[in-house]
Amino acid sequence: MSHLTQQQLKQLKKKLDDRYEIVLREVRSELDAAGKQNLEGLNPGTGDAGDESVADLLADLGATLVDRQIQELRVIEAARDRMRDGTYGECSNCGSEIPFERLAAYPTAMRDVPCQTQYEKNYAHEGRPTL
Ligand SMILES: [Zn+2]
């Protein structure tokens with residue numbers, strides 16, 4: 001069971017939902033601009049209705065111009081999935097509880113701060129050289 005209260009989870013869920021709609025709107029306008037009309041099924045607000053991933057749907061459309069947004073939608077969808085199975089707020093690396101304050105700032109965070117710092121050290125290709 002999550003260490004977060006129902007109230008906190010609700011708050012974080014809303015952040016995720018709001019962000020999701022914003023990204024989806026960006027996607028729509030970019031696809032509109034590109035002249036793609038095949039956008040049935042992309043209805044913000046119905047995210048909980050079915051399990052079909054909008055990100056997958058978009059990827060199927062070959063919408064390479066919205067790659068960045070698709071990535072972000074996937075990350076948000078993954079966070080919503082974790083909320084559904086009750087693993088949201090657990091560090092994916094060490095299993096520790098991610099503090100609410102961190103989740104409030106980064107609702108899609110998958111790691112706690114120590115693990116994230118370590119991760120960025122390992123995967124940073126630019127910046128300080130590792131010693
Ligand atoms: Zn951790």
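Is C91 buried or exposed? With a relative accessibility of 4%, C91 counts as buried, where buried means under 20% relative accessible area, exposed over 50% and partly exposed in between (1.4 Å probe, protein chains only). The model is predicted, so local features need pLDDT of at least 70 and side-chain atom pairs count only at pLDDT 80 or more, while totals for chains, interfaces and linings use all residues. Residues are numbered from 1 along each chain as its sequence is written, and side-chain values use heavy atoms, with hydrogens and water left out.

C91 is one of the residues that coordinate the zinc ion; the donor atoms are C91 (SG), C94 (SG), D112 (OD), D112 (OD) and C115 (SG), at 2.2 to 2.7 Å. Donors are N, O and S atoms within 2.8 Å of the metal (3.2 Å for Na, K and Ca); water is not among the atoms, so sites may look incomplete. Along the sequence, the donor residues follow the spacing C-x2-C-x17-D-x2-C. Helices (H or I, at least four residues) and strands (E, at least two) are DSSP runs, numbered from the N terminus. D112 is also buried, at a relative accessible area of 8%.

The largest nonpolar core has 25 residues, of which L4, L12, V27, L58, L73, Y88 and L103 touch the most other members. Such a core is a set of buried Ala, Val, Leu, Ile, Met, Phe, Trp, Tyr and Cys residues joined through side-chain atoms within 4.5 Å. Two or more residues of this core come from each of α1 (6-33), α2 (54-60), α3 and α4, and α1 gives the largest share, 8 residues.

The structure contains 7 salt bridges, each defined as a side-chain nitrogen of Lys or Arg within 4 Å of a carboxyl oxygen of Asp or Glu. In one of them R68 pairs with E26, the closest N and O atoms being 3.6 Å apart. Because R68 lies in helix α3 and E26 in helix α1, this pair ties together parts that are 42 residues apart in sequence. R68 is exposed at 53%, whereas E26 is partly exposed at 27%. R25 and E21 form another salt bridge, with 3.4 Å between the closest N and O atoms; these two residues are 4 residues apart in helix α1, about one helical turn.
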